[in-house]
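Subject: Handover of a structure and the findings from it

Dear colleague,

Please find the structure below, followed by an account of what was found in it. I would be grateful if you would read the two together.

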Amino acid sequence: MKLFKNTLAVIGGMSLVVLVLLVFKVMPILKQLDEMDPRAGEMYLNIVNRIVDSQSAMEALVVKVPVKEGVTAREVDNSIRSIASELNIKHVGDLPMYKEVEALSGKPYRYTKIYLLCSAISAASMLDFNDAFASYLPCRITLIEDKQGKLWLYTHDMDLMIYGGKTLPPALKAETIKVRDTILKIMHRAAAGDF
C-alpha cells in the first residue's frame with residue numbers, strides 16, 4: 001500500500017511540474033494569439049481545407065479566375081493594362097515567360113505572362129509594417145494557358161497578408177484590402193474581356 005501511495009505521489013508531483021511548465025509555455029503563446037487578427041483562425045482553416053481539397057499547398061495560396069471562352073490572351077493583356085490604369089495602380093512591368101522558354105529551348109511553350117502592378121505608397125506602408133511583405137511586391141497577376149489550352153489568371157491570395165498575423169493598423173488594413181480588391185477587379189474584368 002505504501003508503494004502505491006508513493007507511486008501516486010510521484011505521479012502527482014510530475015503532473016504538477018508538467019502543468020506548471022505548460023502554463024509557462026502556453027500562456028505566452030495564448031497572449032501572442034490574442035494579438036493576431038480576429039479572422040486568422042478562420043483564414044488558416046480555409047487554407048487547410050483548400051490544401052486537402054486540391055492536394056497542393058501552392059493551389060491553396062492563390063486566387064485563380066478562368067478567362068471567358070473566346071477571350072484571347074492579347075485581349076486579356078490589353079484589358080489588364082487598361083483596367084490597371086483606370087483603377088490607378090501602376091503597371092510596372094511584365095515578363096513574357098513563354099517567349100524566354102521558347103528562346104532557350106527552341107520549342108513552343110504555352111502562353112505564360114506575368115504582370116507586375118504596384119501602388120508605391122501602399123507598398124511602402126506595407127514594408128514599414130513588415131519587411132516580409134516584400135515577397136508579395138509588386139502585386140503579380142499571371143496569365144497562363146493550362147495544358148488543355150484554357151486561359152487562367154492567377155495571383156497570390158492576399159488574405160494571408162491581411163488576416164494571417166498580427167492585426168494590421170486600421171489604415172494599413174484598409175489600404176491592403178483596397179489593393180487586394182483592385183487586383184481582383186482587374187482579374188475578373190480582364191477574364192471577361194472588359195476594357
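A search of the whole structure, which is a predicted model, finds 2 aromatic pairs. In one of them, F129 and F133 form a tilted pair, with 6.0 Å from centre to centre and 50° between the planes. Rings of Phe, Tyr and Trp (for Trp, the six-membered ring) pair if their centres lie within 6.5 Å; planes under 30 degrees apart count as stacked, over 60 as edge-to-face, and the rest as tilted. F129 counts as partly exposed because its relative accessibility is 30%, whereas F133, at 8%, counts as buried. The classes are buried under 20% relative accessible area, exposed over 50% and partly exposed in between, with a 1.4 Å probe and protein chains only.

As to conventions, residues are numbered from 1 along each chain as its sequence is written, and side-chain values use heavy atoms, with hydrogens and water left out. Local features need pLDDT of at least 70 and side-chain atom pairs count only at pLDDT 80 or more, while totals for chains, interfaces and linings use all residues.

Two lysines are placed over W152. K64 lies over the face of W152, at 4.9 Å from the ring centre, and the charged end of K150 sits over the ring of W152, 5.9 Å from its centre. The criterion is NZ of Lys or CZ of Arg within 6 Å of the ring centre and within 35 degrees of the ring normal.

The largest nonpolar core has 34 residues, and L143 and L153 have the most contacts inside it. Such a core is a set of buried Ala, Val, Leu, Ile, Met, Phe, Trp, Tyr and Cys residues joined through side-chain atoms within 4.5 Å. Two or more residues each come from α4 (73-86), β3 (112-118), α6 (120-129), β4, β5 and α8 (170-191). The largest share of this core, 7 residues, comes from α8. Helices (H or I, at least four residues) and strands (E, at least two) are DSSP runs, numbered from the N terminus.

Lastly, I162 is found in helix α7 (residues 159-163). I162 is buried, with a relative accessible area of 0%. Between I162 and M43 there are 119 residues in sequence and 9.8 Å in space, C-alpha to C-alpha.

Yours sincerely
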